Amino acid sequence: MRVFDSHAHFDDEKFDLDRDDLIQEIHKNGVERIISAGYSLEGSKKAIELANKYDFFYATCGISPNDIDGMKLDDLRKIYNLAKENEKVVAIGEIGLDYYWNKENKEKQKSFFIKQIEIANELNLPIVIHTREAVMDTIDILKHQINCKKYGVFHCCPLNIELVKEALKLGFYISMAGPITFKNSKNAEEIINYVPLDKILIETDSPYLAPEPVRGTRNNSSNLKYIAQKIANVKQMNVEDIENATYNNTCKIFEIK
Ligand SMILES: [Zn+2]
C-alpha cells in the first residue's frame, strides 16, 4: 500500500502546537508522501521549508486568487525565483479563480492566473488549480487564452460534471478531497464514476475539509483513507488499488521519482 496526500497545508497555524509529532505519526501510519501547497508568498516559503525538512514532503508555490490583495503582477517574480531555486518545488500553485470569496477583482484574478501559468511554462512545471464558482472563466482561460505546457491538477475539484469533463479533455488530473464523502454532495458518485482511475489524485487539503466520518474536525493526512475508501466503494474496487493508482498518478504528474 502506498499513499500520497497530493495537497495539504501543514504550515497552517492550527498545527503550531504539534506539527512535527503529527507529521511523524502520519508518516509512520503509512502516508508515504505529502505535497505541501503554497497559496501566498509566505505560505510558499513555508511549504518549501517543510519540503526541505522532510524528505517525504514536496512543495508547490504560487499566489491563490484569495491572496492577491496588495500584490502587483511584478511581485510574481518572487514566485518564479522560489520555484526555480528550490528543487523540491514540483508545481506552480495553488493558482486560479475564486468568485465565491472575491467577486470584486475578477480581472486581477485572471491576470494573476495567466501570469502564473506563464511562469509554470517557463519552468516546465505543471500547475495546481483552485477554482470556486468560476467554472466558465477557468475553462475559458485554459482553452482559449493560454496553453499549459505540463498541464496539472484541479485540486479539491468542484463537483461539477461539466468542469470535470472539460478538465479531462484538456489533459488535467482531478484531485478528490473530503467533499466527495459529504452526505449532501449530490453528484459525487457520478463524478467518481466518470473520472478514469488513471486521472484521479487524492488529497486532504488539511487542516480544512475533513471527510466523513470526521467532518468538522482538524483534518490531517491520516484521513486520506476515507477518501480512498469512498472512491473504492463507488468504483467497486479494493481500497489498496485506489491508493496505489493515485500514488502513481501523483508521482507521474509531478515528475517525482
Ligand atoms: Zn489548498
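**Exercise 1. The enclosed space**

About 30 Å³ of space lies in the largest cavity. Find out which residues line this cavity and how they divide by class.

*Solution.* Before we start, note that this is a predicted model, in which local features need pLDDT of at least 70 and side-chain atom pairs count only at pLDDT 80 or more, while totals for chains, interfaces and linings use all residues. Residues are numbered from 1 along each chain as its sequence is written, and side-chain values use heavy atoms, with hydrogens and water left out.

Step 1: On a 1 Å grid over the protein atoms alone, a cavity is a set of points where a 1.4 Å probe fits but cannot get out, whereas a pocket is an open set with protein on both sides within 12 Å along at least five of seven lines; lining residues have an atom within 4 Å of a point. Points are joined across faces, edges and corners, and a volume is the space filled by probe spheres set on them.

Step 2: search. The whole structure holds 1 cavity of 30 Å³ or more.

Step 3: sort it. The lining has 7 nonpolar, 1 polar and no charged residues. Here Ala, Val, Leu, Ile, Met, Phe, Trp, Tyr, Cys and Pro count as nonpolar, Asp, Glu, Lys and Arg as charged, and the others, Gly among them, as polar.

**Exercise 2. A covered strand**

Decide whether the residues on the two faces of strand 7 are buried or exposed, and name the bridge partner of Val 153 in this strand.

*Solution.* Step 1: locate strand 7 at residues 173-176. Strands (E, at least two residues) and helices (H or I, at least four) are DSSP runs, numbered from the N terminus.

Step 1: check each face. Tyr 173 and Ser 175 on one side, and Ile 174 and Met 176 on the other, are all buried. Buried means under 20% relative accessible area, exposed over 50%, and partly exposed in between (1.4 Å probe, protein chains only).

Step 2: find the neighbour. Strand 6 (residues 152-154) runs parallel to strand 7, joined to it by 2 bridges; two strands pair if DSSP finds at least two bridges between them. Val 153 has Tyr 173 as its partner.

**Exercise 3. The zinc site**

Work out which residues coordinate the zinc ion and why the arrangement is irregular.

*Solution.* Step 1: collect the donors (N, O and S atoms within 2.8 Å of the metal, or 3.2 Å for Na, K and Ca; water is not among the atoms, so sites may look incomplete). They come from His 7 (NE2), His 9 (NE2), Glu 94 (OE) and Asp 205 (OD), at 2.1 to 2.4 Å.

Step 1: test the angles. The 4 donor atoms subtend 82 to 173 degrees, so the arrangement is irregular. Four donors count as tetrahedral if all angles lie between 85 and 135 degrees; four count as square planar and six as octahedral if opposite donors are over 155 degrees apart and all others between 65 and 115; anything else is irregular.

Step 2: check accessibility. His 7 is buried because its relative accessibility is 1%, and His 9 is buried because its value is 5%.

**Exercise 4. The largest pocket**

Describe the lining of the largest pocket and the strands that supply it.

*Solution.* Step 1: the volume is about 810 Å³.

Step 1: 29 residues line this pocket, with His 130, Arg 132, Cys 156, Asp 205 and Leu 209 nearest its centre.

Step 2: strand 5 gives the largest share, 3 residues. Of the 6 residues of strand 5, 5 are buried.
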